[in-house]
Amino acid sequence: MRSPSRPAPRRFSFLLALAAGGLLVLAFPPFGYWPLAAVSAGTLSFVVRGRRARSGALYGLVFGLAFFIPLLRWSGTYVGAVPWLLLSVAEALFIAALGAALAVTSRLPYWPVWAAALWVAEEALRDRLPFGGFPWGRLAFSQPDGPFVPFAAFGGAPLVTFAVALTGCLAAYAVQRGLRRDVRVVAALAAAGVLAVPLVGLLLGLSVQTGDRSRQVQIAVVQGNVPRLGLGFNAQREAVLHDHVRQTLVLAGQIRSGAQPRPAFVVWPEDASDIDPLDNPDAAALIDQAARAVGVPILVGAILDGPGNHVRNAGIVWDPRTGPGATYLKRHPVPFGEYIPLRSLARLVTSKVDLVPRDMLAGEGSGDLHIGGLTIGDVICFEVAYDGLVADDVDGGAQVLVVQTNNATFGHTAESPQQLAMARIRAVEHDRSVIVSSTSGISAIIAPDGRVRAQSKIFTAARFDLPVAVQSGTTVATRLGAIPEWVLTGVAGIALLTAVVVRRSERGRPAPPMSVHPDRERENA
(Lines give C-alpha, C1' and ligand atoms only; values in the text may rest on other atoms or scores of the structure.)
Protein backbone atom coordinates (compact mmCIF):
# COMPACT_ATOMS: atom_id res chain seq x y z
CA MET A 1 0.00 0.00 0.00
CA ARG A 2 1.39 3.39 -0.98
CA SER A 3 2.26 5.62 1.96
CA PRO A 4 0.47 8.98 1.74
CA SER A 5 2.18 12.27 2.33
CA ARG A 6 2.22 13.63 5.87
CA PRO A 7 -1.15 15.11 6.94
CA ALA A 8 -1.48 18.81 7.64
CA PRO A 9 -1.29 20.06 11.25
CA ARG A 10 -4.36 19.37 13.38
CA ARG A 11 -5.44 22.99 13.92
CA PHE A 12 -5.17 23.84 10.24
CA SER A 13 -7.06 20.66 9.30
CA PHE A 14 -9.83 21.48 11.77
CA LEU A 15 -10.33 24.92 10.22
CA LEU A 16 -10.15 23.46 6.73
CA ALA A 17 -12.87 20.88 7.53
CA LEU A 18 -15.03 23.60 9.05
CA ALA A 19 -14.59 25.84 6.00
CA ALA A 20 -15.26 22.99 3.57
CA GLY A 21 -18.59 22.19 5.26
CA GLY A 22 -19.58 25.84 5.07
CA LEU A 23 -18.62 26.03 1.40
CA LEU A 24 -20.91 23.12 0.61
CA VAL A 25 -23.88 25.09 1.97
CA LEU A 26 -23.17 27.77 -0.64
CA ALA A 27 -23.41 25.18 -3.43
CA PHE A 28 -27.12 24.68 -2.66
CA PRO A 29 -30.05 27.01 -3.29
CA PRO A 30 -30.70 29.80 -2.68
CA PHE A 31 -26.99 30.52 -3.29
CA GLY A 32 -26.40 28.03 -6.11
CA TYR A 33 -22.60 28.23 -6.41
CA TRP A 34 -22.52 24.66 -7.72
CA PRO A 35 -18.71 24.35 -8.28
CA LEU A 36 -18.22 24.61 -4.52
CA ALA A 37 -19.72 21.13 -4.08
CA ALA A 38 -16.72 19.56 -5.82
CA VAL A 39 -14.30 21.87 -4.00
CA SER A 40 -15.86 20.90 -0.68
CA ALA A 41 -15.79 17.15 -1.32
CA GLY A 42 -12.17 17.33 -2.44
CA THR A 43 -11.18 19.39 0.58
CA LEU A 44 -12.60 16.83 3.00
CA SER A 45 -10.56 14.10 1.27
CA PHE A 46 -7.48 16.33 1.45
CA VAL A 47 -7.98 16.86 5.18
CA VAL A 48 -8.41 13.19 6.11
CA ARG A 49 -5.81 11.73 3.74
CA GLY A 50 -3.30 9.66 5.69
CA ARG A 51 -5.19 9.99 8.98
CA ARG A 52 -6.32 7.29 11.34
CA ALA A 53 -10.01 6.32 11.08
CA ARG A 54 -10.96 8.07 14.34
CA SER A 55 -9.29 11.30 13.22
CA GLY A 56 -11.10 11.04 9.90
CA ALA A 57 -14.38 10.62 11.79
CA LEU A 58 -13.66 13.73 13.87
CA TYR A 59 -12.94 15.89 10.83
CA GLY A 60 -15.94 14.40 9.06
CA LEU A 61 -18.14 15.35 12.01
CA VAL A 62 -16.82 18.91 11.97
CA PHE A 63 -17.50 19.09 8.23
CA GLY A 64 -20.99 17.60 8.68
CA LEU A 65 -22.01 20.00 11.43
CA ALA A 66 -20.70 23.01 9.48
CA PHE A 67 -22.79 21.83 6.54
CA PHE A 68 -26.06 20.56 7.97
CA ILE A 69 -26.67 23.11 10.73
CA PRO A 70 -27.00 26.04 8.29
CA LEU A 71 -28.46 23.94 5.45
CA LEU A 72 -31.33 22.62 7.58
CA ARG A 73 -32.04 25.86 9.43
CA TRP A 74 -35.48 25.91 7.81
CA SER A 75 -36.49 22.78 9.77
CA GLY A 76 -36.62 24.83 12.98
CA THR A 77 -38.53 27.79 11.55
CA TYR A 78 -41.61 27.39 13.75
CA VAL A 79 -40.72 24.47 16.02
CA GLY A 80 -37.57 25.86 17.62
CA ALA A 81 -33.88 24.99 17.69
CA VAL A 82 -34.00 21.57 19.37
CA PRO A 83 -35.54 19.55 16.49
CA TRP A 84 -33.38 21.40 13.97
CA LEU A 85 -30.14 20.74 15.85
CA LEU A 86 -31.01 17.10 16.58
CA LEU A 87 -31.69 16.51 12.88
CA SER A 88 -28.46 18.27 11.91
CA VAL A 89 -26.37 16.22 14.34
CA ALA A 90 -28.00 12.98 13.18
CA GLU A 91 -27.16 13.79 9.56
CA ALA A 92 -23.63 14.90 10.46
CA LEU A 93 -22.93 11.51 12.03
CA PHE A 94 -23.17 9.97 8.56
CA ILE A 95 -20.48 12.38 7.35
CA ALA A 96 -18.38 11.39 10.37
CA ALA A 97 -18.58 7.76 9.20
CA LEU A 98 -17.70 8.94 5.69
CA GLY A 99 -14.66 10.79 7.04
CA ALA A 100 -13.43 7.63 8.75
CA ALA A 101 -13.89 5.59 5.58
CA LEU A 102 -12.14 8.22 3.45
CA ALA A 103 -9.18 8.18 5.83
CA VAL A 104 -8.90 4.37 5.70
CA THR A 105 -9.11 4.14 1.90
CA SER A 106 -6.81 7.12 1.29
CA ARG A 107 -3.81 4.76 1.39
CA LEU A 108 -5.07 2.78 -1.60
CA PRO A 109 -3.92 3.48 -5.18
CA TYR A 110 -6.45 5.49 -7.20
CA TRP A 111 -8.05 6.72 -3.99
CA PRO A 112 -10.10 9.52 -5.66
CA VAL A 113 -12.26 6.86 -7.32
CA TRP A 114 -12.90 5.05 -4.05
CA ALA A 115 -13.55 8.34 -2.27
CA ALA A 116 -16.21 9.32 -4.83
CA ALA A 117 -17.86 5.91 -4.46
CA LEU A 118 -17.87 6.35 -0.68
CA TRP A 119 -19.84 9.60 -1.06
CA VAL A 120 -22.50 7.62 -2.93
CA ALA A 121 -22.49 4.91 -0.26
CA GLU A 122 -22.88 7.49 2.52
CA GLU A 123 -25.85 9.05 0.76
CA ALA A 124 -27.40 5.63 0.12
CA LEU A 125 -27.34 4.91 3.85
CA ARG A 126 -28.52 8.38 4.84
CA ASP A 127 -31.38 8.17 2.36
CA ARG A 128 -32.72 5.08 4.14
CA LEU A 129 -31.80 5.31 7.83
CA PRO A 130 -33.35 5.91 10.30
CA PHE A 131 -37.13 5.92 9.86
CA GLY A 132 -36.84 5.74 6.08
CA GLY A 133 -33.97 8.22 5.83
CA PHE A 134 -33.62 11.90 4.96
CA PRO A 135 -31.96 12.59 1.56
CA TRP A 136 -31.59 16.37 1.98
CA GLY A 137 -28.11 17.67 1.20
CA ARG A 138 -27.06 15.09 -1.40
CA LEU A 139 -24.29 16.47 -3.62
CA ALA A 140 -26.48 15.83 -6.68
CA PHE A 141 -29.17 18.21 -5.44
CA SER A 142 -26.74 21.14 -5.60
CA GLN A 143 -26.24 20.72 -9.35
CA PRO A 144 -29.39 21.66 -11.35
CA ASP A 145 -27.48 24.50 -13.06
CA GLY A 146 -24.12 22.77 -13.41
CA PRO A 147 -22.47 20.63 -16.11
CA PHE A 148 -22.83 17.49 -13.97
CA VAL A 149 -26.64 17.33 -14.21
CA PRO A 150 -26.72 15.30 -17.49
CA PHE A 151 -25.19 12.38 -15.57
CA ALA A 152 -28.63 12.07 -13.93
CA ALA A 153 -30.09 10.69 -17.17
CA PHE A 154 -27.60 7.82 -17.10
CA GLY A 155 -27.30 6.92 -13.43
CA GLY A 156 -29.70 9.10 -11.52
CA ALA A 157 -28.76 11.30 -8.58
CA PRO A 158 -26.11 8.77 -7.37
CA LEU A 159 -24.09 9.13 -10.59
CA VAL A 160 -24.27 12.93 -10.31
CA THR A 161 -22.94 12.71 -6.76
CA PHE A 162 -20.16 10.38 -7.95
CA ALA A 163 -19.15 12.77 -10.74
CA VAL A 164 -19.10 15.79 -8.42
CA ALA A 165 -17.10 14.00 -5.73
CA LEU A 166 -14.69 12.48 -8.26
CA THR A 167 -13.94 15.91 -9.71
CA GLY A 168 -13.21 17.33 -6.29
CA CYS A 169 -11.06 14.40 -5.21
CA LEU A 170 -9.07 14.49 -8.44
CA ALA A 171 -8.41 18.17 -7.76
CA ALA A 172 -7.23 17.32 -4.24
CA TYR A 173 -5.00 14.59 -5.67
CA ALA A 174 -3.53 17.01 -8.22
CA VAL A 175 -2.74 19.55 -5.50
CA GLN A 176 -1.20 16.91 -3.30
CA ARG A 177 0.97 15.44 -6.04
CA GLY A 178 1.86 18.84 -7.45
CA LEU A 179 3.60 19.70 -4.22
CA ARG A 180 6.14 16.95 -4.94
CA ARG A 181 8.47 17.65 -7.85
CA ASP A 182 8.99 14.02 -8.80
CA VAL A 183 5.30 13.37 -9.54
CA ARG A 184 4.17 16.48 -11.40
CA VAL A 185 3.24 14.36 -14.44
CA VAL A 186 0.79 12.49 -12.24
CA ALA A 187 -0.53 15.79 -10.93
CA ALA A 188 -1.03 17.05 -14.49
CA LEU A 189 -3.01 13.91 -15.36
CA ALA A 190 -5.19 14.36 -12.28
CA ALA A 191 -5.77 18.01 -13.18
CA ALA A 192 -6.81 16.91 -16.67
CA GLY A 193 -9.34 14.59 -15.02
CA VAL A 194 -10.77 17.54 -13.11
CA LEU A 195 -11.64 19.15 -16.43
CA ALA A 196 -12.62 15.90 -18.12
CA VAL A 197 -15.44 14.86 -15.77
CA PRO A 198 -17.66 17.95 -16.22
CA LEU A 199 -16.76 17.98 -19.93
CA VAL A 200 -18.12 14.44 -20.21
CA GLY A 201 -21.26 15.70 -18.46
CA LEU A 202 -21.70 18.46 -21.02
CA LEU A 203 -21.25 15.97 -23.89
CA LEU A 204 -23.75 13.59 -22.30
CA GLY A 205 -26.19 16.48 -22.18
CA LEU A 206 -26.31 16.47 -25.95
CA SER A 207 -27.72 12.93 -25.92
CA VAL A 208 -30.08 13.13 -22.95
CA GLN A 209 -33.30 13.49 -24.94
CA THR A 210 -34.93 10.08 -25.35
CA GLY A 211 -38.51 10.87 -26.31
CA ASP A 212 -40.44 12.97 -28.77
CA ARG A 213 -41.09 16.37 -27.21
CA SER A 214 -43.29 17.51 -30.08
CA ARG A 215 -46.46 16.53 -28.23
CA GLN A 216 -47.55 19.19 -25.78
CA VAL A 217 -50.57 19.39 -23.52
CA GLN A 218 -51.92 22.44 -21.71
CA ILE A 219 -51.72 22.07 -17.92
CA ALA A 220 -52.71 24.62 -15.28
CA VAL A 221 -51.30 25.07 -11.78
CA VAL A 222 -53.04 26.94 -8.97
CA GLN A 223 -51.25 28.33 -5.90
CA GLY A 224 -53.90 29.68 -3.57
CA ASN A 225 -51.53 30.86 -0.82
CA VAL A 226 -52.33 30.74 2.92
CA PRO A 227 -53.86 33.40 5.18
CA ARG A 228 -50.88 33.60 7.53
CA LEU A 229 -47.41 32.16 8.03
CA GLY A 230 -46.44 29.40 10.42
CA LEU A 231 -47.85 26.18 11.74
CA GLY A 232 -51.14 27.88 12.57
CA PHE A 233 -52.21 28.04 8.94
CA ASN A 234 -53.80 24.61 9.44
CA ALA A 235 -56.26 26.21 11.84
CA GLN A 236 -57.62 28.17 8.87
CA ARG A 237 -58.38 25.11 6.78
CA GLU A 238 -61.54 26.52 5.28
CA ALA A 239 -59.78 29.74 4.28
CA VAL A 240 -57.04 27.80 2.47
CA LEU A 241 -59.59 25.78 0.53
CA HIS A 242 -61.54 28.93 -0.36
CA ASP A 243 -58.34 30.57 -1.65
CA HIS A 244 -57.68 27.70 -4.06
CA VAL A 245 -61.29 27.67 -5.22
CA ARG A 246 -61.15 31.44 -5.74
CA GLN A 247 -58.00 31.26 -7.87
CA THR A 248 -59.49 28.44 -9.93
CA LEU A 249 -62.62 30.48 -10.56
CA VAL A 250 -60.42 33.34 -11.79
CA LEU A 251 -58.71 30.88 -14.14
CA ALA A 252 -62.13 29.67 -15.33
CA GLY A 253 -63.13 33.26 -16.14
CA GLN A 254 -59.94 33.74 -18.16
CA ILE A 255 -60.68 30.55 -20.09
CA ARG A 256 -64.25 31.67 -20.89
CA SER A 257 -62.99 35.05 -22.09
CA GLY A 258 -60.37 33.44 -24.31
CA ALA A 259 -57.47 34.96 -22.38
CA GLN A 260 -56.24 31.45 -21.48
CA PRO A 261 -56.67 28.15 -23.34
CA ARG A 262 -58.56 25.38 -21.60
CA PRO A 263 -56.08 23.01 -19.93
CA ALA A 264 -56.32 19.22 -19.88
CA PHE A 265 -56.43 19.41 -16.07
CA VAL A 266 -55.61 21.66 -13.12
CA VAL A 267 -53.18 20.86 -10.31
CA TRP A 268 -53.83 21.94 -6.74
CA PRO A 269 -51.10 21.53 -4.10
CA GLU A 270 -50.75 19.36 -1.04
CA ASP A 271 -53.12 20.44 1.76
CA ALA A 272 -55.25 22.57 -0.56
CA SER A 273 -58.12 20.97 1.37
CA ASP A 274 -57.22 20.07 4.94
CA ILE A 275 -60.94 19.39 5.39
CA ASP A 276 -61.64 15.83 4.22
CA PRO A 277 -63.74 16.36 1.07
CA LEU A 278 -64.77 12.70 1.01
CA ASP A 279 -66.40 13.13 4.41
CA ASN A 280 -67.36 16.82 4.51
CA PRO A 281 -70.13 17.80 2.02
CA ASP A 282 -69.33 21.52 2.25
CA ALA A 283 -65.70 20.95 1.19
CA ALA A 284 -66.84 18.63 -1.57
CA ALA A 285 -69.31 21.25 -2.82
CA LEU A 286 -66.59 23.90 -3.04
CA ILE A 287 -64.31 21.60 -5.06
CA ASP A 288 -67.23 20.61 -7.29
CA GLN A 289 -67.89 24.29 -7.93
CA ALA A 290 -64.30 24.89 -8.99
CA ALA A 291 -64.13 21.78 -11.19
CA ARG A 292 -67.40 22.56 -12.96
CA ALA A 293 -66.35 26.18 -13.52
CA VAL A 294 -63.03 25.27 -15.12
CA GLY A 295 -64.59 22.32 -16.98
CA VAL A 296 -61.68 19.90 -16.50
CA PRO A 297 -60.51 17.56 -13.74
CA ILE A 298 -58.57 18.94 -10.78
CA LEU A 299 -55.84 17.03 -8.96
CA VAL A 300 -56.74 17.98 -5.40
CA GLY A 301 -54.31 17.72 -2.50
CA ALA A 302 -56.34 16.75 0.55
CA ILE A 303 -56.00 15.38 4.06
CA LEU A 304 -58.32 12.41 4.64
CA ASP A 305 -59.57 11.39 8.08
CA GLY A 306 -59.09 7.84 9.33
CA PRO A 307 -58.93 5.03 9.68
CA GLY A 308 -59.30 5.41 13.40
CA ASN A 309 -57.34 8.29 14.91
CA HIS A 310 -55.06 8.58 11.88
CA VAL A 311 -54.97 10.72 8.75
CA ARG A 312 -53.78 10.17 5.18
CA ASN A 313 -52.23 12.59 2.70
CA ALA A 314 -53.90 12.25 -0.70
CA GLY A 315 -53.91 13.44 -4.26
CA ILE A 316 -57.46 13.00 -5.63
CA VAL A 317 -58.55 13.24 -9.26
CA TRP A 318 -61.75 15.31 -9.05
CA ASP A 319 -63.84 15.16 -12.21
CA PRO A 320 -66.27 18.04 -13.00
CA ARG A 321 -69.05 15.54 -13.71
CA THR A 322 -68.42 12.51 -11.53
CA GLY A 323 -66.56 14.01 -8.58
CA PRO A 324 -63.72 12.24 -6.73
CA GLY A 325 -62.04 9.32 -8.45
CA ALA A 326 -58.54 7.84 -8.60
CA THR A 327 -56.50 8.63 -5.49
CA TYR A 328 -52.83 8.51 -4.56
CA LEU A 329 -51.93 8.21 -0.87
CA LYS A 330 -48.55 9.52 0.23
CA ARG A 331 -46.22 6.55 0.75
CA HIS A 332 -43.50 8.22 2.79
CA PRO A 333 -44.93 10.43 5.56
CA VAL A 334 -42.28 12.60 7.19
CA PRO A 335 -41.16 11.28 10.62
CA PHE A 336 -41.58 13.87 13.38
CA GLY A 337 -43.45 16.05 10.89
CA GLU A 338 -46.44 13.97 9.80
CA TYR A 339 -46.15 11.19 12.33
CA ILE A 340 -44.21 10.89 15.58
CA PRO A 341 -42.08 7.79 16.08
CA LEU A 342 -41.47 6.98 19.76
CA ARG A 343 -43.94 9.71 20.70
CA SER A 344 -43.58 9.41 24.50
CA LEU A 345 -39.80 9.60 24.23
CA ALA A 346 -39.92 12.46 21.74
CA ARG A 347 -42.15 14.45 24.09
CA LEU A 348 -39.35 14.46 26.65
CA VAL A 349 -37.22 16.36 24.12
CA THR A 350 -39.85 18.88 22.96
CA SER A 351 -43.54 19.50 23.52
CA LYS A 352 -43.81 20.45 19.85
CA VAL A 353 -44.59 16.80 19.06
CA ASP A 354 -48.17 17.51 20.15
CA LEU A 355 -48.52 19.82 17.14
CA VAL A 356 -48.95 16.50 15.27
CA PRO A 357 -51.90 15.11 17.26
CA ARG A 358 -52.72 12.32 14.80
CA ASP A 359 -50.17 10.16 13.03
CA MET A 360 -50.31 9.94 9.24
CA LEU A 361 -50.55 6.49 7.71
CA ALA A 362 -48.45 5.54 4.69
CA GLY A 363 -50.22 4.63 1.47
CA GLU A 364 -49.39 1.76 -0.85
CA GLY A 365 -48.87 1.69 -4.60
CA SER A 366 -47.28 4.17 -6.97
CA GLY A 367 -48.63 7.61 -7.78
CA ASP A 368 -49.67 6.85 -11.37
CA LEU A 369 -53.02 8.52 -11.98
CA HIS A 370 -55.07 8.96 -15.15
CA ILE A 371 -56.30 12.52 -15.57
CA GLY A 372 -57.22 14.63 -18.58
CA GLY A 373 -56.22 11.90 -21.05
CA LEU A 374 -52.71 11.56 -19.54
CA THR A 375 -50.95 9.36 -17.04
CA ILE A 376 -49.21 11.45 -14.42
CA GLY A 377 -46.84 10.39 -11.66
CA ASP A 378 -47.78 12.05 -8.38
CA VAL A 379 -45.38 12.46 -5.46
CA ILE A 380 -46.18 14.55 -2.41
CA CYS A 381 -43.75 17.05 -0.88
CA PHE A 382 -40.52 15.45 0.43
CA GLU A 383 -41.17 12.31 -1.64
CA VAL A 384 -39.44 14.05 -4.56
CA ALA A 385 -36.15 13.53 -2.68
CA TYR A 386 -36.45 9.71 -2.78
CA ASP A 387 -35.12 8.07 -5.94
CA GLY A 388 -37.30 4.97 -5.79
CA LEU A 389 -40.63 6.74 -5.29
CA VAL A 390 -40.19 8.91 -8.38
CA ALA A 391 -38.81 6.01 -10.44
CA ASP A 392 -41.84 3.87 -9.55
CA ASP A 393 -44.14 6.46 -11.13
CA VAL A 394 -42.16 6.57 -14.38
CA ASP A 395 -41.96 2.77 -14.48
CA GLY A 396 -45.75 2.78 -14.11
CA GLY A 397 -46.17 4.86 -17.28
CA ALA A 398 -46.15 8.45 -16.03
CA GLN A 399 -45.84 10.89 -18.94
CA VAL A 400 -45.59 13.93 -16.65
CA LEU A 401 -44.39 14.11 -13.04
CA VAL A 402 -46.33 16.14 -10.48
CA VAL A 403 -45.03 17.30 -7.10
CA GLN A 404 -47.80 18.43 -4.75
CA THR A 405 -46.24 20.25 -1.82
CA ASN A 406 -46.95 22.56 1.09
CA ASN A 407 -44.07 24.77 2.20
CA ALA A 408 -46.07 27.15 4.41
CA THR A 409 -44.60 25.70 7.61
CA PHE A 410 -41.08 26.76 6.57
CA GLY A 411 -41.70 30.46 5.99
CA HIS A 412 -39.33 32.51 3.84
CA THR A 413 -36.48 30.01 4.06
CA ALA A 414 -34.30 28.00 1.69
CA GLU A 415 -36.52 24.92 1.91
CA SER A 416 -38.62 25.84 -1.13
CA PRO A 417 -35.75 26.53 -3.58
CA GLN A 418 -33.90 23.44 -2.32
CA GLN A 419 -36.95 21.29 -3.04
CA LEU A 420 -37.32 22.89 -6.46
CA ALA A 421 -33.71 21.90 -7.25
CA MET A 422 -34.60 18.27 -6.52
CA ALA A 423 -37.53 18.44 -8.93
CA ARG A 424 -35.22 19.82 -11.63
CA ILE A 425 -32.83 16.87 -11.18
CA ARG A 426 -35.80 14.48 -11.48
CA ALA A 427 -36.83 16.10 -14.76
CA VAL A 428 -33.43 15.34 -16.30
CA GLU A 429 -33.15 11.93 -14.65
CA HIS A 430 -36.37 10.66 -16.26
CA ASP A 431 -36.69 13.08 -19.19
CA ARG A 432 -40.07 14.26 -17.99
CA SER A 433 -41.76 17.59 -17.51
CA VAL A 434 -42.31 18.23 -13.81
CA ILE A 435 -45.20 20.23 -12.39
CA VAL A 436 -44.60 21.60 -8.89
CA SER A 437 -47.73 22.85 -7.15
CA SER A 438 -47.22 24.47 -3.74
CA THR A 439 -49.76 25.88 -1.33
CA SER A 440 -47.66 28.99 -0.74
CA GLY A 441 -44.71 28.66 -3.17
CA ILE A 442 -42.56 27.88 -4.96
CA SER A 443 -44.83 26.46 -7.68
CA ALA A 444 -43.17 25.83 -11.04
CA ILE A 445 -43.30 24.19 -14.45
CA ILE A 446 -40.03 22.45 -15.31
CA ALA A 447 -39.01 21.27 -18.79
CA PRO A 448 -37.53 17.78 -19.31
CA ASP A 449 -34.04 19.31 -19.56
CA GLY A 450 -34.39 20.81 -16.06
CA ARG A 451 -35.06 24.40 -17.14
CA VAL A 452 -37.65 26.28 -15.09
CA ARG A 453 -40.21 27.62 -17.55
CA ALA A 454 -42.36 29.39 -14.97
CA GLN A 455 -42.30 29.79 -11.22
CA SER A 456 -44.20 31.65 -8.54
CA LYS A 457 -42.98 33.76 -5.67
CA ILE A 458 -43.29 32.58 -2.07
CA PHE A 459 -46.48 33.51 -0.19
CA THR A 460 -48.33 34.95 -3.16
CA ALA A 461 -51.37 33.68 -5.04
CA ALA A 462 -50.41 32.49 -8.52
CA ARG A 463 -51.68 30.61 -11.57
CA PHE A 464 -49.92 29.01 -14.55
CA ASP A 465 -51.57 27.71 -17.70
CA LEU A 466 -48.85 26.54 -20.10
CA PRO A 467 -48.22 23.87 -22.75
CA VAL A 468 -46.14 21.07 -21.27
CA ALA A 469 -44.05 18.48 -23.14
CA VAL A 470 -45.55 15.00 -22.74
CA GLN A 471 -43.66 11.83 -23.58
CA SER A 472 -43.23 8.18 -22.76
CA GLY A 473 -39.57 7.45 -23.64
CA THR A 474 -37.22 6.23 -20.92
CA THR A 475 -33.69 7.25 -20.01
CA VAL A 476 -30.84 4.91 -19.16
CA ALA A 477 -31.31 5.95 -15.52
CA THR A 478 -34.98 4.96 -15.60
CA ARG A 479 -34.16 1.56 -17.04
CA LEU A 480 -31.31 0.87 -14.62
CA GLY A 481 -33.16 2.06 -11.53
CA ALA A 482 -31.08 1.63 -8.37
CA ILE A 483 -28.34 -0.45 -10.07
CA PRO A 484 -25.80 2.43 -10.39
CA GLU A 485 -26.21 3.27 -6.72
CA TRP A 486 -25.77 -0.34 -5.60
CA VAL A 487 -22.77 -0.85 -7.90
CA LEU A 488 -21.02 2.28 -6.62
CA THR A 489 -21.89 1.38 -3.03
CA GLY A 490 -20.47 -2.09 -3.63
CA VAL A 491 -17.26 -0.59 -5.03
CA ALA A 492 -16.99 1.58 -1.92
CA GLY A 493 -17.50 -1.42 0.33
CA ILE A 494 -14.87 -3.49 -1.47
CA ALA A 495 -12.37 -0.62 -1.33
CA LEU A 496 -12.98 -0.13 2.39
CA LEU A 497 -12.63 -3.85 3.12
CA THR A 498 -9.46 -4.06 1.04
CA ALA A 499 -7.92 -1.10 2.86
CA VAL A 500 -8.70 -2.63 6.26
CA VAL A 501 -7.25 -6.02 5.30
CA VAL A 502 -4.09 -4.52 3.83
CA ARG A 503 -3.62 -2.23 6.82
CA ARG A 504 -3.88 -5.15 9.24
CA SER A 505 -1.44 -7.24 7.22
CA GLU A 506 1.05 -4.36 7.23
CA ARG A 507 0.81 -4.08 11.00
CA GLY A 508 1.76 -7.74 11.29
CA ARG A 509 5.02 -7.31 9.36
CA PRO A 510 8.30 -6.47 11.12
CA ALA A 511 9.13 -2.76 10.93
CA PRO A 512 11.89 -1.81 8.42
CA PRO A 513 15.07 -0.13 9.70
CA MET A 514 14.63 3.60 10.19
CA SER A 515 16.66 5.75 7.86
CA VAL A 516 15.71 9.07 9.44
CA HIS A 517 14.98 10.38 12.90
CA PRO A 518 11.87 8.63 14.30
CA ASP A 519 10.17 11.95 15.10
CA ARG A 520 9.97 12.70 11.39
CA GLU A 521 8.24 9.43 10.71
CA ARG A 522 5.64 9.82 13.44
CA GLU A 523 2.14 10.06 11.97
CA ASN A 524 0.27 13.27 12.63
CA ALA A 525 -3.02 11.94 13.95
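Colleague: Which loop is Pro 30 found in?

Modeller: Pro 30 sits in the loop between helix H1 (10–27) and helix H2 (35–48). Keep in mind that this is a predicted model.

Colleague: What is the peptide bond from Pro 29 to Pro 30, cis or trans?

Modeller: That bond is cis, with omega near 10°. Most peptide bonds are trans.

Colleague: What about Gly 306 and Pro 307, what kind of peptide bond joins them?

Modeller: A cis one again, and omega there is about 0°. Pro 307 lies in the loop between E3 and E4.

Colleague: OK, those strands. How do E3 and E4 pair?

Modeller: Strand E3 covers residues 298–305 and strand E4 covers 311–319. They pair in the antiparallel sense, over eight bridges.

Colleague: Which residue in E4 is the bridge partner of Gly 301?

Modeller: Gly 315.

Colleague: What is the strand order in the sheet?

Modeller: E5-E4-E3-E2-E1-E12. That makes an open sheet of six strands with mixed pairing. Strand E5 (323–329) and strand E12 (462–469) are the edges, and each pairs on one side only. On average, neighbouring strands are turned by 35° against each other, ignoring direction.

Colleague: Which strands does helix H8 touch?

Modeller: H8, residues 237–257, packs on the sheet and touches strand E1 (216–223), strand E2 (265–267), E3 and E12. The direction of H8 makes about 140° with that of E1.

Colleague: And H9, which strands does that helix lie across?

Modeller: Helix H9 (residues 281–294) lies across E2, E3, E4 and E5. Against E4, H9 runs at about 35°.

Colleague: Where is Tyr 110, and is the residue buried or exposed?

Modeller: Tyr 110 is in the loop between helix H4 (81–105) and helix H5 (111–126). The relative accessible area of Tyr 110 is 65%, so the residue is exposed.

Colleague: What about Asp 431, what is phi there?

Modeller: Near 55°, again positive in a residue other than glycine. Asp 431 belongs to the loop between helix H12 (415–430) and strand E9 (433–438).

Colleague: Buried or exposed, for Asp 431?

Modeller: Asp 431 has 0% relative accessibility, so this residue counts as buried.

Colleague: Is Cys 169 buried or exposed, and what about Cys 381?

Modeller: Cys 169 is at 0% relative accessibility, so Cys 169 counts as buried. Cys 381 is buried too, with a relative accessible area of 6%.

How values were computed: Residues numbered from 1 in each chain as written. Predicted model: local features only at pLDDT ≥ 70, side-chain atom pairs only at ≥ 80, totals over all residues. Heavy atoms only, no water. Pairing = 2+ DSSP bridges. Helix = DSSP H or I, 4+ residues; strand = E, 2+ residues; numbered from the N terminus. Axes fitted to C-alpha atoms, helices over the stretch in contact; angles between N-to-C directions. Contact = heavy atoms within 4.5 Å. Buried < 20%, exposed > 50% of the residue type's maximum accessible area, 1.4 Å probe, protein only.
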